[in-house]
Amino acid sequence: MESPDIYSSNIDALKRIDPRSARRLEALQYDSGPYRRVNSRSGLPILEVNRGNRTTYLCSKVDPHREAERLVHSYLDGAEQLVVIFGMGLGYHLQEMLRMNSGAHFVIVEPDLELFAEILKTRDLSDILLSKNVTLLIEPQGIDFDELSPHPSAVNTRQVVLRPYRALYATKAHKAVQDFQAYVNGKRINIATLRRFDRLWTKNTFKNCHYFFTRGGVSILRGRFRGLPAIVVAAGPSVEQDLPLLKQHSRNSVLIAVDTVLNTLLNRGIHPDFVVTVDPQLINSHHLASLVIPPGTYELPVLVADPAVYPTVLRTYRGEVLITSSVFSPGRIIEQFAEIKGSIAAGGSVATAAFDLARIMGADPIILMGLDLSFSGGKTHISGSYVERYIQSYAYRLKPILNFTETYIRGGSPEVLTDKSGTAVLSDRRMLLYRNWFERQIRYETTTVLNATRGGLSIEGIPDIVPEEIKKYVPKSVNKKGSMDEIRSLIGEVPIQTEKARRFIEYLTKRRDDLARMRSLSAKAGAYAESLKNTPSPEVERKLSSLEERIVSFRDCSRLIGMVMQEPINEVLAATPAENMDHALNRSMELYRAIEEAAAFVRSVLEMAEKRLTGKMALHG
């Protein structure tokens, strides 16, 4: 028998954290027949769910408390930052989790409103609902774990799927596990990427700083092609056989290519309107810096570039250039002195950026081609790309091309999946991360998006069409020339914004001086920490605290060096509590050394940027 007081207490708590769900529950009418509230042998209330010929209990029929203790201690170690639980259950496990780890954030995914109503009638869970450490999601359509985590750089995460929920909601549970795994893989890849490229992004952005003052931003493209069809061309192997169709439709649509595929398209007489590049590496710069431009190519596509691309890309490209805003602090700092360039979504791949560019332009429909998300035919890219030429140049009799391809594929933790035709195909965690990005984006997309990639993986939420069907969505006559002429007239290189550039140079000079002081203070702090290890002293402790306050006071410098300190920052976030004072001091000394070294690196980068920008100003008078 339900207690009105229990339900009222729970509903009152729910109204405070999620009024919409509380209203849905109050208006809910359903058959309560499948649910029965009973007591366990230990006397605690439990809930029985009868569906078909199967009876499922949300927790132990013997002792829910003991079951919760065993479950929690088998899943968690107490150091988690984010825990995602599929199933509210009757809250026994959640109360134990909150006791065990008061510093974690718990996201509860409850997949069934009717079951949740019965749960609230069975046991008082108001303490869980009102906990500042808990976020409750009821029948969510999608979950953005990055937004839910209170730790943006959370590296210690865990998912718990309650066994009864896995039995009752097998499909939803499987999807929740997939989404969480995609989030975890994304975190791992992002952390690994930052560790690998943090300094390159910083150095490239400051080397390219003068373009912030001489080039337009992608924001000028917003809504310029509203209602016109766009075809986004990635470099997947399957697109090769559809190049004749692409050439036919390129005249009647806005054609956006990724940098990897541009050379192949130009050589086949296909002229994109825009090309997108985002990768900071030298090898990636060759897609554009070593373009072989066929005779008769009068206009190169407008280049849309992330400001952290390798400098030779922007220096050597012979067409018009627009740059984007940066998701990283170096670019954001420069934009404070220049102008906001306009953001493009960062999904980890140039294909995601090209797709978002089509959305920014207002194109509708957006048709995807070459987005295989797999190694179709055992290849990594379309034939004729720089990647293929690069591999060919290094291949020889004892190490043929297949060896290079196999090494690349193995590096991404490959797994066998089924492609659109039902054929087994290799993909990897990088490509599955990109697929997950598209699947999350499409949930909120009102524009018609179609996947005309002939091979590879399907993307949930984006209808598959064969390339021959593109003609249904691309009119025979599309007037894009007027829009392109107008855009090209707005893009050309402009005289350097002298006053803005001068203020930025002043900023660079001040920060260089501050970084020198920060470096010196960090060296002193490290020496004091080492002294404390050998000879504890209140006076030395006081001096060390004072130094730490002075180091932290350099806020702009902290933003600058934070970008190149991702590895030590993540190590601090993931670390377990220090075992003793010596352990804590050793960690402090490592952090001071990292600050000292990062300050030296960033100072040299700012000096280089100042010289480069000063030289550009002199050239422009």
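How many bridges join S12 to strand S13, and in which sense do they run? There are 3 bridges between S12 and S13 (residues 321-323), and the strands run parallel; two strands count as paired if DSSP finds at least two bridges between them.

Before going further, a word on the model. It is predicted, with local features needing pLDDT of at least 70 and side-chain atom pairs counting only at pLDDT 80 or more, while totals for chains, interfaces and linings use all residues. Residues are numbered from 1 along each chain as its sequence is written, and side-chain values use heavy atoms, with hydrogens and water left out.

**The chain as a whole**

The secondary structure comes to 24 helices and 17 strands. Helices (H or I, at least four residues) and strands (E, at least two) are DSSP runs, numbered from the N terminus. Of the 621 residues in the chain, 52% are buried; buried means under 20% relative accessible area, exposed over 50%, and partly exposed in between (1.4 Å probe, protein chains only). Among contacts with a separation of 6 or more, 72% come from residues 24 or more positions apart, where contact means heavy atoms within 4.5 Å.

**Around strand S12**

Val 302 is the bridge partner of Phe 274, while Val 304 stands opposite Leu 322 in S13. Together with helix H13 (residues 311-316), S12 and S13 make a right-handed β-α-β unit. Right-handed here means that, with the strands pointing away from the viewer, the path from the first strand over the helix to the second runs clockwise.

| Helix | Cap residue | Backbone nitrogen | Distance from side-chain oxygen |
|---|---|---|---|
| H3 | Asp 63 | His 65 | 3.1 Å |
| H5 | Asp 112 | Glu 114 | 2.9 Å |

In H3 (residues 64-75), Pro 64, Ala 68 and Val 72 are buried. They cover an arc of only 60 degrees around the axis, so they lie on the same side of H3; the arc is that of the directions from the helix axis to the C-beta atoms. The buried residues of H3 pack against strand S2 (45-51) and H4. On the face turned away from this buried side sit the exposed residues Arg 66, Arg 70, His 73 and Ser 74.

H5 (residues 113-122) is largely enclosed by the rest of the structure, because 9 of its 10 residues are buried. Among them are Leu 113, Phe 116, Glu 118 and Lys 121.

Gln 95 belongs to helix H4 (residues 92-100) and counts as buried at 12% relative accessibility. Leaving out residues up to four places away in sequence, Gln 95 touches Arg 123, Asp 127 and Ile 128.

Ile 334, in helix H14 (residues 329-335), is buried with a relative accessible area of 0%. With residues up to four places away in sequence set aside, Ile 334 touches Thr 205, Phe 206, Cys 209, Phe 212, Phe 213 and Phe 504. Thr 205 is 129 residues away along the chain, and its C-alpha atom is separated from that of Ile 334 by 9.0 Å.

Notes
A polar contact is a pair of N or O atoms within 3.5 Å; within protein, one must be able to donate a hydrogen and the other to accept it, and residues adjacent in sequence count only if both atoms are side-chain atoms.
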